[in-house]
Amino acid sequence: MSSEQGKLLFLNDRDVHDGLTSAKLQITPKMLREFFLERGIFLSGKLSRETLINYISLLNLDYHDI
């Protein structure tokens with residue numbers, strides 16, 4: 001049994017925001033809109049990448065969302 005088992009992962013809204021804005025990830029606005037659409041949330045196609053990331057960081061996310 002590894003010492004890592006049984007530990008919880010907790011990311012706050014700032015962690016999610018920073019992760020999504022990371023240049024390494026290259027998350028596109030289309031990918032972000034698809035994330036919302038899969039959850040039944042419809043957003044304007046005119047929203048900027050930064051606005052979409054701000055909205056995502058406000059959501060309650062579980063392990064599988066991350």
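The chat below goes through the core, the salt bridges and a pocket of a predicted model.

Trainee: What should I keep in mind before reading this one?
Mentor: This is a predicted model, in which local features need pLDDT of at least 70 and side-chain atom pairs count only at pLDDT 80 or more, while totals for chains, interfaces and linings use all residues. Residues are numbered from 1 along each chain as its sequence is written, and side-chain values use heavy atoms, with hydrogens and water left out.

Trainee: OK, which residues make up the largest nonpolar core?
Mentor: That core has nine residues, namely Val16, Leu20, Ile27, Leu32, Phe35, Phe36, Leu52, Ile53 and Ile56; a nonpolar core is a set of buried Ala, Val, Leu, Ile, Met, Phe, Trp, Tyr and Cys residues joined through side-chain atoms within 4.5 Å. Two or more residues of this core come from each of H1, helix H2 (29-37) and helix H3 (49-58), helices being DSSP runs of H or I with at least four residues, numbered from the N terminus.

Trainee: And what does Leu20 touch?
Mentor: Setting aside residues up to four places away in sequence, Leu20 touches Leu25, Ile27, Arg49, Ile53 and Ile56, where contact means heavy atoms within 4.5 Å.

Trainee: Is His17 buried or exposed?
Mentor: His17, which sits in helix H1 (residues 13-21), counts as buried because its relative accessibility is 9%; buried means under 20% relative accessible area, exposed over 50%, and partly exposed in between, with a 1.4 Å probe and protein chains only. Beyond its neighbours within four places in sequence, His17 is in contact with Glu50, Ile53, Asn54 and Ser57.

Trainee: Switching topic, how many salt bridges are there?
Mentor: A search of the whole structure finds two, a salt bridge being a side-chain nitrogen of Lys or Arg within 4 Å of a carboxyl oxygen of Asp or Glu. In one, the side chains of Arg14 and Asp18 meet at 3.4 Å, N to O, and both residues lie in helix H1, four residues apart, about one turn of the helix. Arg39 also forms a salt bridge with Glu38, with the closest N and O atoms 3.6 Å apart.

Trainee: How exposed are Arg39 and Glu38?
Mentor: Arg39 is partly exposed, with a relative accessible area of 36%, whereas Glu38 is exposed, at 65%.

Trainee: Last one, what lines the largest pocket?
Mentor: The largest pocket is lined by 14 residues, with Leu20, Ile27, Phe35, Asp65 and Ile66 nearest its centre. H1 gives the most to this lining, with four residues. A pocket here is an open set of points on a 1 Å grid over the protein atoms alone, where a 1.4 Å probe fits, with protein on both sides within 12 Å along at least five of seven lines, and lining residues have an atom within 4 Å of a point.
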